[in-house]
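These are my notebook entries on a single protein chain. I set down what I looked up, one topic at a time.

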Amino acid sequence: MASSMRSLLSDHGRYVKSFRLFLENSTEHQCMLEFIEKKLPGIISSIGNGRSTINILSVGGGAGEIDLQILAKVQAKYPGVIIHNDVIEPSVEQITNYKERVAKTSNLENIKFTWHKETSLEYESRMKASADMKKWGFIHMIQMLYYVKDISATIHFFHTLLEPGAKLLIILVSGTSGWARLWKKYGPRLPLNDLCLYVSSTDIEEVLDAAGLKYQSYDLPSNMDITDCFTEGNEKGELMLDFLTETCNFSQTAPLDLKKELMEDLKNLECSKNIGGRYFFNNNLSAIVVESSI
């Protein structure tokens, strides 16, 4: 591996640009919103249990786009109930964006928001050091388990915080997605980064099975238009390549043989489909709903 290759996460500005481009070119949020619209009402049907207050914990809540959609469904299911929505998010920028989004959104009067500027591990350490660990009716971890050191320990800890009848929702890339295939084949040849793990729903299900936890998985079909990646020098294409490989300036810094092989695989049916001359990368997600033990 060429020494000039470095992780995309080492350049926050470029990471944010590539991530925004990914959202623009993919059906990532659309497939999540469809899941929230169609499946979430049934999933949260047990979390109220006649309570006057529902506690929700968002782990890695980002800028709140998906969180507010989830909260709208909880409000609809439990009208008039007070909701305490706590958000764990290490990025100041994301928390600021989240607060601005809340300020512009109506009908949130019965929701109390609390933001914790920390990682999930910092939150875990703080809770374990305190005398009283708060319990939650619903915990969600959306696209964040790539950024924890110990996935099994993280899932175990947050699962212990569930109230009776509560649910833990995990959303991340599917084991059948193009991501999983790319990571499996090219992970060892891409920049090592202790901030990000190559993990898919298959790995999470193995952790849950080993722990004997009851869960249900849902497929969330999604794609990403990566056609621009195949036009040499296209700025959008290069940013998307960076996002796909988690590598800063992949096009310029990757060894030629690696770049050639990876570009060919991106066109492969295992990773993408060619529809009308455009390439759509398999961005399928999985939603895994874990039951409380009680």
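This is a predicted model: local features need pLDDT of at least 70, side-chain atom pairs count only at pLDDT 80 or more; totals for chains, interfaces and linings use all residues.

**Entry 1: helix α8 and its cover.** I then asked what covers the buried residues of α8. The cover includes α1 (12–25), β6 (162–173), α10 (235–245), α12 (256–266) and β11 (278–282). Helix α8 itself spans residues 178–186, and I found Gly178, Trp179, Ala180, Leu182, Trp183 and Tyr186 buried there.

**Entry 2: the sheet.** I looked up the strand order next. Seven strands form an open sheet in the order β4-β3-β2-β5-β6-β12-β7, and the pairing is mixed. Why is one side of β4 and of β7 left without a neighbour in the sheet? Both stand at the edges with a single partner strand each, so one side of each has no neighbour. From one strand to the next, the twist averages 15 degrees. I recalled the general rule that strands of a sheet pair through backbone hydrogen bonds, either parallel or antiparallel.

- Strand β5 (residues 136–142) pairs with β6 in the parallel sense over six bridges; Trp136 has Leu162 in β6 as its bridge partner.
- β6 and β12 run antiparallel and are joined by seven bridges; Val173 has Leu285 in β12 as its bridge partner.
- Strand β7 (residues 215–220) and β12 also run antiparallel, with six bridges between them; Tyr215 has Val290 in β12 as its bridge partner.

I then checked whether β12 (residues 285–291) is mostly covered or mostly open, and found that six of its seven residues are buried.

**Entry 3: the nonpolar core.** I asked which residues have the most contacts inside the largest nonpolar core. They are Ile170 and Ile204, in a core of 90 residues. Strand β6 gives the most to this core, with eight residues. I listed what Ile204 touches, leaving out residues up to four places away in sequence: Leu145, Ile151, Ile155, Ile170, Leu172, Val199 and Ile288. In general, nonpolar side chains of soluble globular proteins tend to be buried together.

**Entry 4: aromatic rings.** I found 19 aromatic pairs in the structure. In one of them, Phe22 and Phe243 are stacked, 4.7 Å centre to centre with 20 degrees between the planes. This pair links distant parts of the chain, since Phe22 lies in helix α1 and Phe243 in helix α10, 221 residues apart. Buried means under 20% relative accessible area. Phe22 therefore counts as buried at 3%, and so does Phe243 at 9%.

A second pair, Tyr98 with Phe113, is edge-to-face, 6.2 Å centre to centre with 70 degrees between the planes. Tyr98 lies in helix α5 (residues 92–103) and Phe113 in strand β4 (residues 111–116), so the pair ties together parts that are 15 residues apart in sequence. Tyr98 is buried, because its relative accessible area is 0%; Phe113 is buried as well, at 14%.

I also recorded one aromatic cluster, formed by Tyr15, Phe19, Phe22, Tyr146, Tyr147, Trp179, Trp183, Tyr198, Phe243 and Phe281. Among its members are Trp179 and Trp183, which I had listed as buried in α8.

**Entry 5: a charge over a ring.** Where does the charged end of Lys267 sit? I found it over the ring of Phe230, 4.9 Å from the ring centre.

Note on methods: Residues are numbered from 1 along each chain as its sequence is written. Side-chain values use heavy atoms; hydrogens and water are left out. Buried means under 20% relative accessible area, exposed over 50%, partly exposed in between (1.4 Å probe, protein chains only). Helices (H or I, at least four residues) and strands (E, at least two) are DSSP runs, numbered from the N terminus. Contact means heavy atoms within 4.5 Å. Two strands pair if DSSP finds at least two bridges between them. Rings of Phe, Tyr and Trp (its six-membered ring) pair if their centres lie within 6.5 Å; planes under 30 degrees apart count as stacked, over 60 as edge-to-face and the rest as tilted. A charge sits over a ring if NZ of Lys or CZ of Arg is within 6 Å of the ring centre and within 35 degrees of the ring normal. A nonpolar core is a set of buried Ala, Val, Leu, Ile, Met, Phe, Trp, Tyr and Cys residues joined through side-chain atoms within 4.5 Å. Axes are lines fitted to C-alpha atoms, for helices over the stretch in contact, and angles run from 0 to 180 degrees between N-to-C directions.
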